[in-house]
Amino acid sequence: MSVKRKGPRATAVRVATYALLITVAIIVLFPFVVAVSTSLKRNTDIFTYPPSLVPRTVTTVTDPDLGLENATVYELPGSDGQFALVESDVPVAEFRRIDDPEVIIALPPDQGVETDRTTVVDGDEETIYLVEVDGSEVEVFRARLTVGGLFQPLDGEGDSESVVELVNLATPERVFGPRFENFSQVVTEKNLGRSLTNTVLVTIAVVVGQIVTSVLGGYAFARIDFRGRDRLFLLYLGSVMIPFVVLIIPLFQLMLQLGWTDNLVALIIPFVFTAYGTFLMRQFFLGIPKEIEEAALIDGASRATTLWKVMVPLARPAIATLATFGFLYAWNSFFWPLVIINSGNPDNGLLTLTLATLGGRSSTDTNLVFAGAVLAMTPPILVFLFAQRYFVENSASSGLK
Amino acid sequence: MSAVSFSGVSKRYKDGPKAVDALDLDIADGEFMVFVGPSGCGKSTALRMLAGLEEITDGELRIGGRVVNDLPPGDRDIAMVFQNYALYPHMTVRENIGFALEVAKVDKKEAKQKIEDAAELLGLTEYLDRLPKALSGGQRQRVAMGRAIVRSPQVFLMDEPLSNLDAKLRVQMRSDIIQLQARLGTTMVYVTHDQVEAMTMGHRVAVLRSGILQQVAPPQQLYLEPANLFVASFIGSPSMNLITSEVSVDGDVVTLSFDDHRVRLASGAVERYPGLLDRHGSEIIFGMRPEHFALAGDIDVLDEQIIDVDVELAEAMGAEVHVHSTLDVPPVSIDGEMLDPDDDSLADGTRIIARIDGIHVVAMGERIRLALKTHLAHFFDPADGRPLR
């Protein structure tokens with residue numbers, strides 16, 4: 001532990017540092033927050049203006065006295081209090097004041113008294129109507145005839161008069177209301193469940209396979225003396241330099257000959273052998289003092305026992321790192337599955353593939369797309385949170401010296 | 001029957017010289033044998049061959065009468081303590097000590113008892129459930145010992161087990177190991193580069209140099225009757241002063257000349273080293289241990305056994321004073337190697353160290369008269385390093 005600097009200058013530096021870090025954290029986290037919030041929204045709630053990060057739902061009211069059942073609650077422009085939408089397609093006339101055409105007065109068409117006078121608005125001749133607003137008559141013209149909603153006041157007495165208003169001018173009362181059904185819906189209706197199972201299966205197989213081959217290979221390259229070992233290792237390591245795109249066609253042909261196309265095996269076997277993992281494990285094993293192994297040898301342990309009981313437990317941080325990388329790779333892999341899995345076969349789909357189709361084909365269900373995305377990104381985030389200390393703490397040498 | 005027997009055992013690494021060259025050595029049952037020598041002398045290699053951690057290139061190695069050349073370490077009935085202890089970091093002390101028993105599938109109850117006995121013996125009982133990283137150096141060292149003891153092997157092997165400890169703890173552990181070995185009566189092969197450890201611990205000490213065994217003897221004999229120049233210079237601290245001198249023999253009187261000094265040898269020296277009488281006119285190496293000097297007034301000697309030297313450095317140790325000075329004679333080398341390659345000052349003279357009584361106050365730059373107890377001195381042939389007995 002170092003001694004902390006004190007004094008106002010140091011405090012200012014610390015405050016600035018934290019402010020900067022918090023800003024960056026907010027910027028980085030924002031897309032995640034949006035994704036999570038969208039995944040919990042109703043589809044109609046996604047494109048509202050102003051946008052909201054909080055998933056909301058409209059409030060409804062059920063009141064037998066007023067003859068209301070699950071009626072949506074609205075606020076109306078120019079009126080206080082709340083109104084329930086009773087009927088949504090009543091005829092409405094949209095009147096506009098002659099002296100101020102911006103003011104819209106929505107009324108049942110029969111409440112405007114037609115006169116024989118006309119006026120010219122934007123070059124069109126319009127008939128003048130008389131309507132009653134707040135007890136006085138106003139001259140208006142009829143902009144259009146349309147359908148609107150019949151709203152019943154909720155806070156007035158039972159005999160309060162219903163109001164006709166254009167629905168798009170009414171603001172529904174919204175409250176916090178996440179829609180968790182998005183998840184079950186995307187899993188069942190959009191076939192994400194099957195893809196999730198497949199992805200979990202493939203990921204586990206790849207991670208376990210990678211650990212087994214890398215531990216065995218890494219140990220052999222680190223500790224077993226055989227002819228040409230170091231050259232073979234260089235060759236093996238060199239394969240890391242080959243970009244995957246170069247391998248796609250030969251690999252595809254190989255899969256074709258093995259009859260593994262459109263098969264999950266094709267997503268597992270080629271990725272179980274990893275030069276990177278072997279390299280990682282070799283380096284780690286090289287760092288373990290030879291004497292520990294020799295001590296085990298003298299204690300009578302066979303190579304297999306030594307590997308299993310001494311080396312592997314010591315290599316836990318390296319194995320965890322390898323498992324984390326393997327997990328992220330397998331979980332997120334998209335291009336190879338896209339190539340090898342028949343897109344017409346939903347039974348062999350992976351999460352990444354299904355999400356891609358979901359985003360393309362049913363992009364109207366934005367909330368479901370986001371629910372799927374959240375489902376897909378939660379496991380990697382959790383794995384990273386739990387395994388991050390293995391990225392930081394990469395030495396097991398404590399207690400050796 | 002000897003517990004361990006090396007016959008003609010050699011080790012040659014790929015395109016290297018022999019690390020161990022035709023080692024012949026019998027270690028008795030219950031003996032505490034120390035291998036000592038400078039670094040690279042082959043002592044650790046010899047031990048590792050015994051442990052089964054190094055292949056034997058040539059020769060035959062027996063443990064308890066059985067040839068073990070091709071036996072894996074686990075089947076040799078040995079236990080080893082490593083310099084860095086090589087504890088299993090992920091196991092508790094209990095698991096560390098019990099690992100060999102677990103591998104050997106010893107009954108759980110019996111194993112528990114053995115582990116606890118070993119822990120008790122080493123004072124580790126309260127640490128049994130700790131991890132090695134929570135222990136001090138000395139405790140880890142004891143755990144390593146416990147791991148060896150618990151198997152009750154035929155032979156204990158120790159590879160510089162004390163060199164990672166601080167000086168005080170080292171002395172403490174040294175005596176602990178001696179007592180432990182005496183108590184268990186198990187044969188022990190102990191490797192060290194520290195000649196003080198070798199002298200204090202071993203029943204017998206094997207001195208190695210460049211893969212070749214120089215001398216095997218009990219510590220005192222090693223000190224008093226070194227088999228060659230190397231052993232003479234390696235054993236003892238400060239080490240023996242080796243002075244190239246010319247011999248002149250007149251009847252039974254032998255006189256050595258070096259620098260400007262002429263020293264008449266006591267008759268006792270000639271009796272012990274009769275070979276001196278044949279060396280008239282030739283050069284020999286005159287070996288004087290630091291305690292073979294005294295201030296002229298302290299002992300009765302002939303005038304011809306006193307030399308005048310300039311004090312270059314005086315180290316007061318309390319009971320004694322180490323007086324350093326230089327003689328103008330070419331320094332001694334063994335097979336072309338300087339005895340002390342770090343010391344540049346030897347380039348054109350021979351540094352000598354005399355150990356005189358601590359009651360004297362000696363100042364730097366002072367000229368003092370040193371008396372030589374020549375009857376205790378050693379004499380070697382400069383060509384082959386053999387003593388002139």
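Two residues are in contact here if their C-beta atoms, placed from the backbone, lie within 7 Å. Keep that cut-off in mind as you work through this predicted model.

**Exercise 1.** Find which residues of H3(A) meet which residues of H10(A), and describe how the two helices cross.

*Solution.* Start with the axes: helix H3 (residues 192–223) of chain A and helix H10 (residues 316–332) of chain A come within 9 Å and cross at roughly 145 degrees. Next, the hand, which is right-handed for H3(A) and H10(A). Now apply the cut-off. On the H3(A) side you get Thr199(A), Val202(A), Thr203(A), Val206(A), Val207(A), Gln210(A), Ile211(A) and Ser214(A). Facing them from H10(A) are Ile319(A), Leu322(A), Ala323(A), Gly326(A), Phe327(A), Ala330(A) and Trp331(A). Last, sort by class: the H3(A)–H10(A) contact has 10 nonpolar and 5 polar residues, with no charged ones.

**Exercise 2.** Work out how many residues of chains A and B are in contact, and what chain A brings to the meeting.

*Solution.* Count first: 19 residues of chain A touch 20 residues of chain B. Then look for elements of chain A that give two or more residues, and you find helix H8 (290–298) and helix H9 (303–314). H8(A) gives the most, with 6 residues. Sorted by class, chain A's side has 11 nonpolar, 4 polar and 4 charged residues.

**Exercise 3.** Sketch the overall build of chain B.

*Solution.* Tally the secondary structure of chain B: 9 helices and 23 strands. Then box up its C-alpha atoms, which fill roughly 75 × 45 × 35 Å along the principal axes. Of the 389 residues in chain B, 42% are buried. Finally, take the contacts in chain B with a separation of 6 or more: 69% of them join residues 24 or more positions apart.

Technical notes. Residues are numbered from 1 along each chain as its sequence is written. Chains are lettered from A and ligands numbered from 1 in the order in which they are written. This is a predicted model: local features need pLDDT of at least 70, side-chain atom pairs count only at pLDDT 80 or more; totals for chains, interfaces and linings use all residues. Helices (H or I, at least four residues) and strands (E, at least two) are DSSP runs, numbered from the N terminus. Ala, Val, Leu, Ile, Met, Phe, Trp, Tyr, Cys and Pro count as nonpolar, Asp, Glu, Lys and Arg as charged, and the others, Gly among them, as polar. A residue is buried if 20 or more other C-beta atoms lie within 10 Å of its own, exposed if 12 or fewer, and partly exposed in between; C-beta atoms are placed from the backbone. Axes are lines fitted to C-alpha atoms, for helices over the stretch in contact, and angles run from 0 to 180 degrees between N-to-C directions. A crossing is left-handed if the near helix is turned anticlockwise from the far one by less than a right angle, and right-handed if clockwise.
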